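Thanks for coming. I will take one structure today and go through the ligand site, then the chain as a whole.

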Amino acid sequence: MSITENLAQVWERIERAAQKSRRTADDITLVAVTKTIPVEKIREAIEAGVQHIGENRVQEAIAKYPQLESYPIHWHLVGHLQRNKVKRVLPMFDLIHSLDSIRLMEAIERHAASENQIVDVLVQVNTSGEISKYGVSPEDALELISRSTGCEHLRICGLMTIGPLKGGVQAARASFQLLRRIRDQVLAEDIEGVQMDYLSMGMTGDFEVAIEEGANMIRVGTAIFGRRE
Ligand SMILES: *Cc1c(COP(=O)(O)O)cnc(C)c1O
């Protein structure tokens, strides 16, 4: 199957899942996750209609960025961000999905202020409790978000989570419901400057469940590009 055909299937799956929750595919942003995928294949995806791409390693994104700069696409950083890389990522990415600590938030604020830039971020929450995952714990999410009020160069636009590796659909659903509940708690607090526009959740194996549970941004790699090496 070609990337174009894969994409058509993914969009069809998105449409069906969206309809189940009385929405349409237009409400869902598809981020094509391009880690390890060569630039030619990314171009193919863009030509087939992909508008958002997600990279998870800063180094890799830096290598690909100049080769794709001419396309009007949005860049998402979906992987962990180290504080010493903040300066390099700010000019490249439109949305950082992986804010997970107060120290990282402060580093982003500092660099964004010095560049006179406002950086859009999502707070990554570890909803599965799997220790291999980054992300702030569900208990600490609200505290982290409350602390953003002093950060005028950083805009929290929503939440991100990675579903559990184990436990199938049920565990995935529980994870996504938890993220949605945290979103609702944050909204109830009405924290100045904080928006909850995006719930970034769902990957190849679980994006339909995520959409049913309220995801409006999904991150899909394998279903578009095939298995990674
Ligand atoms: C790799 C990756 C994805 C995409 O995973 P697939 O299972 O290939 O769809 C999504 N989100 C993050 C954070 C990733 O690292």
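Start with Arg228: one of its polar side-chain atoms lies 2.8 Å from an oxygen atom of the ligand, a polar contact, meaning a pair of N or O atoms within 3.5 Å. Taken alone, the ligand exposes 390 Å², and the protein buries 90% of that; these areas come from the Shrake-Rupley method with a 1.4 Å probe.

A word on the source: this is a predicted model, where local features need pLDDT of at least 70 and side-chain atom pairs count only at pLDDT 80 or more, while totals for chains, interfaces and linings use all residues. Residues are numbered from 1 along each chain as its sequence is written, and side-chain values use heavy atoms, without hydrogens and water.

Back to the ligand. The side chain of Thr222 has an N or O atom 2.5 Å from a ligand oxygen, and the side chain of Arg219 has one 2.9 Å from a ligand nitrogen.

How many residues surround the ligand? There are 13, and the closest are Lys35, Thr204, Gly221, Thr222 and Arg228; to count, a residue needs a heavy atom within 4 Å. This shell holds 6 nonpolar, 4 polar and 3 charged residues, with Gly counted as polar.

Now the whole chain. It has 9 helices and 8 strands, which are DSSP runs of at least four residues (H or I) and at least two (E) respectively. Its C-alpha atoms fill a box of roughly 50 × 40 × 30 Å along the principal axes.

Note on methods: Polar contact = N/O pair within 3.5 Å; in protein donor to acceptor, adjacent residues only side chain to side chain.
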